[in-house]
Amino acid sequence: MKTEVVPNKLINEKSPYLLQHAYNPVNWYPWCEEAFSKAEKEEKPVFLSIGYSTCHWCHVMAHESFEDQEAADVLNENYVAIKVDREERPDIDSVYMSVCQALTGSGGWPLTVIMTPDQKPFYAATYLPKHSRWGNTGLIEVLDAITGLWKNDRKKVFQAGEEITRYLNEDRNDGENSASDPGKELFFSAARQLMNSYDKTWGGFGRAPKFPMAHNLIFLIRHSVYEQDKNAQTICESTLRHMYRGGIYDHLGGGFSRYSTDEKWLVPHFEKMLYDNALLSYAFLEAYELTKESFYQLAARGILGYIMETLTDKDGGFYCGEDADSEGVEGKFYVFEKDEITKVLKEDAPYFCHWFGITSDGNFEGKNILNLIDNKDYEKKDDKISRLCQILYDYRKLRTVLHKDDKILTSWNGLMIAGMSKAYQVLEEEAYLQSARNAQAFIERKLTNRGGRLFIRYRDGETGHDGQLDDYAFYAFGLLEMYQACFEVSYFEQAVSICEKMVLLFFDEKNGGFYMYAHDREKLISRPKELYDGALPSGNSVAAYVIGKLYHLTGEVKWQEILKKQLKWMGKEAGVSPANHSFSLLAFQTVLYPAAQLVAVSPERGIERQLLTLKREVFNGIDIIFKTPGNEEVLSKIAPFTKDYPVDLVKSQFYLCKNGTCLKPVERMEELKEAIKAISS
């Protein structure tokens, strides 16, 4: 991999996180052969810093140390310094985060790793102050100590690097998996674990800080349906409502912040991330599908509106998110003094302040975060409040600005495409489908090479880094949701193609599980498989979910065989702590609670909206294939069983199946609706 190296200046100036440090006195290098060659030639250890654009402590460490001449002199003299954006190289982040967790028992960002020139780590930490303080060892003290060790006892350093590398590559999870195929007990166990950590007063799970973890909620929604578990539904609904009422939701501009620092969701860490909002929109939409309560679609519309107005590139892709800070102050963009609101809204200010809990004393450092925590009428649509919100929103945009992380990531875009497509399926508003179409077209134009392989990110005309598992799995998820929204066979065909590449590039045919990076790309000191569903679901869990859907839609045995290996591999780890693998559980549900399949055969297009209406009759319950004279050739290749469903040039026919049993085909929508009711009872 050849990359130009420019001293005293960051190479990738176009990445928002790296741009702010472009003129630091540290001689930063990207992750490249030249950097390690330089380290080997000059006999220096490598200092690796991993962060991301909206990480508060990454900014702190950068300003405190990397922009400081004293710290820079120590680094430049004794180390080769490399900076990596974890969103652009999640594989590097995953490998060395594992190192940090193995050496320290925990992890986080900024991630600091020191390694030998052959990439073998021997020291790891997260945030380090410039000098030691309050019991925390300082960066300069660490650097000086390791420099002494490097010069005086290098053999010890290399031995430590060998040991940690050997540990990373131990065959702990692979080999013959003796675990039995997963059963429904996984779901009951996960539900119990989530219920045990549920906050009965404020919703959510565990203590502050609280994260949305939308895939936990999606699992509980579906579990409540499959097992008629009203308690699971109550927990999910309560959590969604409390989150929306708190300050973690932006009541002026829409969208959710990344997490709440307190138990009642009032004070967020103010950064907004695309992936959180994509998954939360999906959760609110599923809650609306289940309950038909308008509150949930209102919340979903707020999220989606924020994405379309603020995080959408003019060419269709979705940006990563927005910073927490304005003018160096966290939350400044979002909070208000009561007098300020009075000046803007004048005689309407008391009404507005009462609605959103605004006081003279404030609820956040003397200022106010808008919230509905004490508003019992939070569900009601109030036209006056809507008008006043718009006035204050317009004022807020002029008052100060937020930094926008305008990278466009394939993986996160895949999740948002799924959210927009889901919105069209549920709400049938063309704007949502068009937003999904635009983002999908962007990925095809800007983030796909001529051979159909994906890239990780795009920014300012530059495409970077070979796609990894998350990119393929999340994008396939989005494509399948698009197909289920509009039934255009091109999206189905593309989903199949992406999944075929995913299997070819990442799948462990012997043991099951998908590796994080492709077999034919740069080799790191280990090749991880990730399954834990954290703030983001793992690529493995989404891949399994998508493959399960493909098997149901295509009937192809090859997808069944891959799915069997994948679920068996997943079952062993997920079985230890099911609640930490909630998206994996969604994949298991596709097998253990088989969905109905509908093959709709029609002489012409035009019945798609009717099919969506019928689909909503069964919550999350029907996978639909739509066959017409115009798409039958393509369908016969990706779903060969559809060859046996002839297209009648005069009338439509509907073939409904569930649990391996197919009903007699019907010709009229009314008959199909009755059949759907029958299989749903």
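The structure is a predicted model, in which local features need pLDDT of at least 70 and side-chain atom pairs count only at pLDDT 80 or more, while totals for chains, interfaces and linings use all residues. Residues are numbered from 1 along each chain as its sequence is written, and side-chain values use heavy atoms, with hydrogens and water left out.

**Domains**

- The chain is divided into domain 1 (9-169), domain 2 (184-331 + 404-592), domain 3 (335-399) and domain 4 (596-680), with bounds that come from an automatic or database domain assignment.
- Domain 1 contributes 27 residues and domain 2 contributes 30 residues to the contact between them, where contact means heavy atoms within 4.5 Å.
- The C-alpha centres of domain 1 and domain 2 are 31 Å apart.

**Cavities**

- Seven cavities of 30 Å³ or more are found in a search of the whole structure.
- On a 1 Å grid over the protein atoms alone, a cavity is a set of points where a 1.4 Å probe fits but cannot get out, and lining residues have an atom within 4 Å of a point.
- Grid points are joined across faces, edges and corners, and a volume is the space filled by probe spheres set on the points.
- The volume of the largest cavity is about 250 Å³.
- The largest cavity is lined by 21 residues, of which Gln 425, Glu 481, Gln 484, Lys 549 and Lys 615 are the closest to its centre.
- Two or more lining residues of the largest cavity come from each of α11 (274-291), α16 (410-427), α18 (469-486), α20 (539-554), α23 (608-615) and β16 (622-627); helices (H or I, at least four residues) and strands (E, at least two) are DSSP runs, numbered from the N terminus.
- By class, the lining of the largest cavity comprises 10 nonpolar, four polar and seven charged residues; Ala, Val, Leu, Ile, Met, Phe, Trp, Tyr, Cys and Pro count as nonpolar, Asp, Glu, Lys and Arg as charged, and the others, Gly among them, as polar.
- Because domain 2 (184-331 + 404-592) and domain 4 (596-680) both give residues to its lining, the largest cavity lies between them.
- The second largest cavity has a volume of about 130 Å³.
- Among the 16 residues lining the second largest cavity, Gly 247, Tyr 249, Asp 250, Tyr 334 and Ile 369 lie nearest its centre.
- Strand β7 (residues 268-273) gives the most to the lining of the second largest cavity, with three residues.
- The lining of the second largest cavity divides into nine nonpolar, four polar and three charged residues.

- All five residues of strand β4 (residues 111-115) are buried, so β4 is largely enclosed by the rest of the structure; buried means under 20% relative accessible area, exposed over 50%, and partly exposed in between (1.4 Å probe, protein chains only).
- Leu 111, Val 113 and Met 115 are buried on one face of β4, and Thr 112 and Ile 114 are buried on the other.
- Strand β2 (residues 46-51) runs antiparallel to β4 and is joined to it by five bridges, with Ile 50 bridging to Leu 111; two strands pair if DSSP finds at least two bridges between them.
- On pairing with strand β5 (residues 121-125), β4 forms four bridges in the antiparallel sense, and Met 115 has Pro 121 as its bridge partner.
- Five residues separate the strands in the hairpin of β4 and β5, where Gln 119 takes a positive phi near 75 degrees.

**Open sheets**

- Three strands form an open sheet in the order β12-β13-β14, with antiparallel pairing.
- Strands β12 (408-409) and β14 (462-466) stand at the edges with a single partner strand each, so one side of each is left without a neighbour in the sheet.
- Two bridges pair β12 with strand β13 (residues 455-459) in the antiparallel sense, and Leu 409 stands opposite Arg 457.
- A second open sheet has four strands in the order β16-β15-β17-β18, with mixed pairing; its edge strands, β16 and β18 (661-662), each pair on one side only.
- Strand β15 (residues 596-601) pairs with β16 in the parallel sense over six bridges, and Leu 598 has Ile 624 as its bridge partner.

**A buried loop residue**

- Asp 348 is found in the loop between α13 (338-345) and α14 (349-356), and is buried with a relative accessible area of 14%.
- Not counting residues up to four places away in sequence, Asp 348 touches Lys 384, Arg 387 and Leu 388.

Note on methods
1 Å grid on protein atoms, 1.4 Å probe; cavity = no way out; pocket = protein on both sides within 12 Å on 5 of 7 lines; lining within 4 Å.
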